[in-house]
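Have the sequence and the 3D view ready as you read.

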Amino acid sequence: MTRHHGMTAPPTTGQILMSGNEAVARGAWEAGVTVASSYPGTPATEILEALARYPDIYSEWAPNEKVAFEVAMGASLAGARSLVSMKHVGLNVAADPLMTGSYIGVRAGFLVVVSDDVGMGSSQNAQDTRYFARFAKVPLLEPSDSQEAKAFVKEGFRLSEQMDTPVILRLTTRISHVKGLVDLGERPALPFLGFAKDPGKYVMIPGHARKRQPMILQRLTDLAQLAEASPLNPIEWASREIGIIAAGPAYVHAREAFPDASFLKLGFSFPLPERLIREFASQVERLYIVEELEGLVEAEVLAMGIRVDSGGKLPRTGELNPQRVRAALDGGGQRKDEVSSPPPDLEMLPFPRPPTLCAGCPHMGVFYTLGKMKDLIIAGDIGCYTLGVGSPWNATHTCVCMGASLGNALGMEKAYKMANKDQKVMAMIGDSTFLHSGMTGLLDIVYNGGNVTVFILDNRTVGMTGGQDHPGTGVTLQQEATKPVDFVALCKALGVEHVQLVDPYRLPDVYKAVKEALAHPGPSVIVTNRPCVLIEEFHRTQPFEVLDELCNGCGACLKTGCPAIQVTRREVVRLPNGRDKELSYVIIDPMGCNGCDLCVQTCGPKAIVPAGSAARVTSSGPPQS
Amino acid sequence: MNVGERTLNVLLAGIGGQGVLTASQLLSEAAVRAGHDVKKSEVHGMAQRGGVVTSHVRIGRKVYSPIISSGEVDLLVAFEEAEALRWRPEVRPGGTLIVNCLRVAPPIVNLGLFKYPDDPLASLRDFNGSVLPIEASALAIETGSPRLAGTILIGAAAAVLPLSVEHWEAAIGSRFTAPEILDQNLKAFHQGRDYAASMAIGQSGN
């Protein structure tokens, strides 16, 4: 895992394996894009990381998706082709400029790339971005593999300029994170148009917006006409017994599940091409509509008065695959035998292996400390620290969306106060999430006198998505030095008087800081100051080892949750009070240990020592404990 | 195994940080160099943090879905013993399992909340197909770095897969550019391949 990815430009011709995200970046380059913005989020993160390698494109991380959208839109209004990318929940944040951006349209092409985490591999919910295209009345393109992802980006820019509209390119995890072969093309030289003052189009005061509204409706009608004849919506005739309408990854799964069926493949899937759908439906015996998540095309086709034989049969949760498609549609007369038995629950076999914190993660000392404070309510947030919900810490009690911890904590505190009950409430949030949308929550806490402690776990990176830079790191996406945010000064400027900086590896300091902050009447903030172990700023130190003869099996070190600590044997002993106690004797994986020494601080018999020092200790006799 | 009308399905499974995605990249690049169509799916984000990581690689004339349907895996490369147990139900009867002889217990097992199976390799004995255990992690440390385990495993897979050494070596050369790292990986690849070939599991079934 590196933070500073290579800045070498990709090859210029040929055919190479690319992920959907890399292919979108390539398509943007080949479409002449010059400005791109984003906020990291799985599964969309790598689009901007790939774009940043093209030196002739300005690429940036914005503090959040709304700002990213506004930056890219600004570039479009200035007459440069531009792109914004985000994960599905990012579009909730950017929905405000999208809705009015639809009214304003574009000057140069503007593409909104959104990747839906359909199977919730790394998200708090599953959302179907196809609704947003309908909501904002903008066209929707859905590629089904990397090659199409690249081609549809270019088509999206053409469509955006032809129809004066932002265009949404909808990906899913199985487009973004699937590699396939892509033909490379050239980058055209596009003229820079510049901004042209036109208040009726660009200044959405009510009087102007009311004039734009009917134009948006007309644009939708015109877009539907284009969709009817679009090469992105081909009919692939085969057997007319079954005809399948599908888009995106649902198409490739259905294509494999029903190799002999005819297909209407919707690459340009909103607005729907009604005539084309009628023509296709009229020529097949059975009509299936295969789509992931919502039955959205199905509902619209049913509303056209067309019979849909797959109605309500497809699962509305989780990702599709060929097997699920076959199973849902009764096997379509084939391979019925294979779909009858329910699949084993692989996540539970033979034991679950959920995500963990890394060995030496600076969050561990914080969770260790907070996990012992059973009376405290901890509102959590989005990031690696969401893992604090798990064992052994159980130190995260809510997780909603980016930045929610602060408002949630304030609301809880006020509710307890109104009920005349004393309750300590904490908000726990990471550095990048705080800058994304936590600052306004802190402002509310200060403004309305909330008695809330905010714990900012500053590990100097966007950790969960693989270590991206942000306004607090002092480095831009394209690896230029910039001014980093000073979190302590920022919190003080927002009006917090009680701000502490703490080393998360010093357990007594963390404990003292938390006790002090909770005792302080009014808003308080604690900021940690150690980097994520996966970024360059982290320097691994000498690993530790356990002296077997000194380990008493108490298991205290296991309470840190460090994955480098392994139990080698267990033993049940009878205590003087007659109760049984299980002892766990441990070793430390020398290759996993990052040398943070957190476990050393928990070890009563002082059995954990720097690796290699054991021989020395033994030769001079074991230390007395 | 061969690549023909039927798409060849390879599932690589391990734990975040073990190099599953690098190994699947080598396989995909080798298959592309051999002139096949390839689709490779990956896991990113939260799931990568010490959790289970899988990568589906599908090789054929024209590959549509990037996902291998349950029970249709031809070759499972498991980077850890318990992960071999977890993913075994995905393998077709007569398929092949390559298993790294390595046990990694997650914190929830160390905390005593779940039990690690006593002997995962023993419970693979009833598998209807070929099973090849290989000490890839131990060999990797001998060869110079625990990070080479993935390349050793992919070398073992190469003994079963219908791709020529020249394409594998070109794929490795495209992934590792520093001469010293490249040499180590080529050595690791051949170690894995020679070991698997010596165990004569190659070319089983189709």
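Angles run from 0 to 180 degrees between N-to-C directions, and axes are lines fitted to C-alpha atoms, for helices over the stretch in contact. Helices (H or I, at least four residues) and strands (E, at least two) are DSSP runs, numbered from the N terminus.

This is a predicted model, where local features need pLDDT of at least 70, side-chain atom pairs count only at pLDDT 80 or more, and totals for chains, interfaces and linings use all residues. Residues are numbered from 1 along each chain as its sequence is written, while chains are lettered from A and ligands numbered from 1 in the order in which they are written.

**The sheet in chain A**

- Five strands of chain A make an open, parallel sheet in the order β14-β15-β16-β18-β17; two strands pair if DSSP finds at least two bridges between them.
- At the edges sit β14 (377-379) and β17 (498-502) of chain A, each pairing on one side only.
- On average, neighbouring strands of this sheet are turned by 20 degrees against each other, direction ignored.
- β14(A) runs parallel to β15 (residues 425-430) of chain A, joined to it by three bridges.
- Across from A:Ile378 you will find A:Met426 in β15(A).

**Two helices side by side**

- Helix α17 (residues 404-418) and helix α18 (residues 431-447), both of chain A, have axes that come within 7 Å and cross at roughly 20 degrees.
- Therefore α17(A) is roughly parallel to α18(A), a term for angles under 35 degrees.
- The residues making the contact include A:Leu406 and A:Leu410 of α17(A), and A:Leu442 and A:Ile445 of α18(A); two residues are in contact if their C-beta atoms, placed from the backbone, lie within 7 Å.

**Where chains A and B meet**

- In chain B, 45 residues are in contact with 45 residues of chain A.
- Elements giving two or more residues to the chain B side are α1 (20-33), β2 (37-41), α2 (81-87) and α3 (107-110) of chain B.
- The largest share of that side, five residues, comes from β2(B).
- β2(B) also pairs with strand β8 (residues 178-183) of chain A, in the antiparallel sense over two bridges.
- In this pairing, A:Lys179 has B:Lys40 of β2(B) as its bridge partner.

Technical notes: Parallel < 35°, antiparallel > 145°, perpendicular 65-115°, else oblique.
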